[in-house]
Amino acid sequence: MLKKVQELVEKVNNYTPESEEDLNSFRIEYLGKKGVLNSLFSSFKEVPVEQKKGVGSSINNLKSLVQEKIEDYKDSFEDEDPVSEIDLSKPVSLDNLGSRHPISLVRNQIVGIFNRIGYTISEGPEIEDDWHNFSALNLPEEHPARDMQDTFFVQTNPDVLLRTHTSSVQVRYMEKKTPPIRTLSPGRVYRNEAISARAHCIFHQVEGLYIDENVSFSDLKQTLLYFAKEMFGEKTKIRLRPSYFPFTEPSAEVDIYLGINTDSDYRITKGTGWLEILGCGMVDPNVLKNCGVDPEKYSGYAFGMGVERIAMLKYGVKDLRLFFENDVRFLKQFDRSV
Ligand code: DAH
C-alpha cells in the first residue's frame, strides 16, 4: 500500500495540466467521490495496525499534494486569451451612462419650447459692467430697485460685477441687432444671498425678448400661455398680476394654477393654489432708446424666469441646494436619455 501511494505521489508531482478541462478531470480523478483518495481511505481499514501511522500520513500527504497542484494551476487558465472572449462588435452597454443634470434638462426643455416658435439663443458674459446689468435697464446708480438684487462686485471696482440677471444679455443683443428680435438668453446668475432651501447665491435664469413693430401685451400673454401649457400640461391656467420692474412698463408677474390637492400645494402656494413662475412686461421705451432701438417705431416684451424654481416644481424637489451638491444618488434619478 505504501508503495502504491508513493507511486501516486510521484505521478502527481510529474503531472502538469494542459488545460482547464485537464485540471478538472485531474481533480475528479483524485478528489471525486469515487476518486483515488477516497478509495485509498476506504482500503486503509485493511492496513495492519503497525503500518497504519506511516500509511495514513502518506495518504494525507498525497491529498495535500493534489490540492496544492490544483491551487497552483487554477488561475493560470482564466483570462488565457481575454481578447478572444470580448465581442468587439457588441453594442456598448448603456448601464453606466451618466444622467443629465435636472437644471440642464429643464433649461433644454424651456429652450426647446421657445425654439419651436422662432426664438434663437443668445448668450453673454457672466462678468458684466454696470451699464449692461443695471444702467441701460433703467436702473441708474442710486436707484432703490438695485437693492432687489444684492450684487457681487469683482475686486473693489463698482463697474465690474457678476451679473445678477440675464437681462444684461438682452441689452447686448439689442445693441448689436436690429428688430425684429426674438431671442432667448439662458445662463447662470449671481446674487449675494444667504443660501437656504429656497435661495442660492448662484442660480440660472432664462430671459426672453421679442421686439418688432406693433408688439402688444396680448402677444406677451399668449406666448406665456403657450409656454405654460407646453411646460406644465395642456390644462394649465395662468394669471398675470401687476408688478414692478424698472425695465418694463407695464410689468407683471405670472402665476400658474396648481390647485390645492396636497399639504405641499397649500404650503407653496400660500393657500391660494397659485404659484409665481416668472416676471414679464413691455420693454420700457427708455430701455429701447438706451440700446439703440427706436421706441417710436418698435415695441416689445420681455420675460425672465428662474430655472431652479421651475425644476423644483416639475420634479417636486423641496430643497434647492440639492441641485448644487452633485450627489450622484440625487442626480441618477433624472432621465438620462433627454
Ligand atoms: N430680471 C428679472 C429678475 O431677475 C426677471 C425679469 C422680470 C426679466 C421681468 C424680464 C422681465 O425680462 O421683463 O428678477
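A residue is called buried when its relative accessible area is under 20%, exposed when that area is over 50%, and partly exposed in between, with a 1.4 Å probe and protein chains only. At 59% relative accessibility, K318 therefore counts as exposed. The structure is a predicted model, in which local features need pLDDT of at least 70 and side-chain atom pairs count only at pLDDT 80 or more, while totals for chains, interfaces and linings use all residues. Residues are numbered from 1 along each chain as its sequence is written, and side-chain values use heavy atoms, with hydrogens and water left out.

- Seven strands form an open sheet of mixed pairing, in the order 1-4-5-9-8-7-6, where strands are DSSP runs of E with at least two residues and helices are runs of H or I with at least four, each numbered from the N terminus.
- At the edges of this sheet lie strand 1 (120-121) and strand 6 (238-245), each of which pairs on one side only; two strands are taken to pair if DSSP finds at least two bridges between them.
- In general, the strands of a sheet pair through backbone hydrogen bonds, in either a parallel or an antiparallel sense.
- Strand 4 (residues 181-190) and strand 5 run antiparallel and are joined by ten bridges, and I181 has I211 in strand 5 as its bridge partner.
- Strand 5 also runs antiparallel to strand 9, with eight bridges joining the two, and the bridge partner of E207 is G304 in strand 9.
- Because nine of the eleven residues of strand 5 (residues 202-212) are buried, this strand is largely enclosed by the rest of the structure.
- Strand 8 pairs with strand 9 (residues 299-306) in the antiparallel sense over five bridges, and M282 stands opposite Y301 of strand 9.
- Strand 7 (residues 248-257) and strand 8 (residues 274-283) run antiparallel and are joined by eight bridges; S251 stands opposite G281 in strand 8, and D255 has E276 in strand 8 as its bridge partner.
- Strand 8 is mostly covered, since nine of its ten residues are buried.

**Salt bridges**

- Twelve salt bridges are found in a search of the whole structure, a salt bridge being a side-chain nitrogen of Lys or Arg within 4 Å of a carboxyl oxygen of Asp or Glu.
- R146 forms a salt bridge with D130, and their closest N and O atoms are 2.9 Å apart.
- R146 lies in the loop between helix 7 (130-133) and strand 3 (160-162), whereas D130 lies in helix 7, so the pair ties together parts that are 16 residues apart in sequence; both R146 and D130 are buried.
- E71 and K74 meet through their side chains in a salt bridge of 3.1 Å, N to O, and both lie in helix 4 (residues 49-74), three residues apart, which is about one turn of the helix.
- K74 has 37% relative accessibility and therefore counts as partly exposed.
- The side chains of D327 and R329 form a salt bridge of 2.6 Å, N to O; D327 counts as partly exposed at 25% relative accessibility, while R329 is exposed, with a relative accessible area of 67%.
- A network of salt bridges links R239, R241, E253 and D255.

**The charged surface**

- R198, R267, K270, R309 and K318 form a positive surface patch, and K318 is found in the loop between helix 12 (307-315) and helix 13 (322-325).
- Patches are made of residues with over 30% relative accessible area and no salt bridge, with like charges joined within 9 Å and nonpolar side chains (Val, Leu, Ile, Met, Phe, Trp, Tyr) within 5 Å.
- Lys and Arg count as positive and Asp and Glu as negative, without His and the chain ends, and the place of a charge is taken as NZ of Lys, CZ of Arg, CG of Asp or CD of Glu.

**Two spans along the chain**

- G98 lies in the loop between helix 5 (82-85) and helix 6 (102-115) and is exposed, with a relative accessible area of 54%; the C-alpha atoms of G98 and L162, 64 residues apart along the chain, are separated by 31 Å.
- W131 has its place in helix 7 and counts as partly exposed at 35% relative accessibility; 29 Å separates the C-alpha atoms of W131 and N108, which are 23 residues apart along the chain.

How values were computed: Accessible areas come from the Shrake-Rupley method with a 1.4 Å probe; for residues, only the protein chains shown count as cover.
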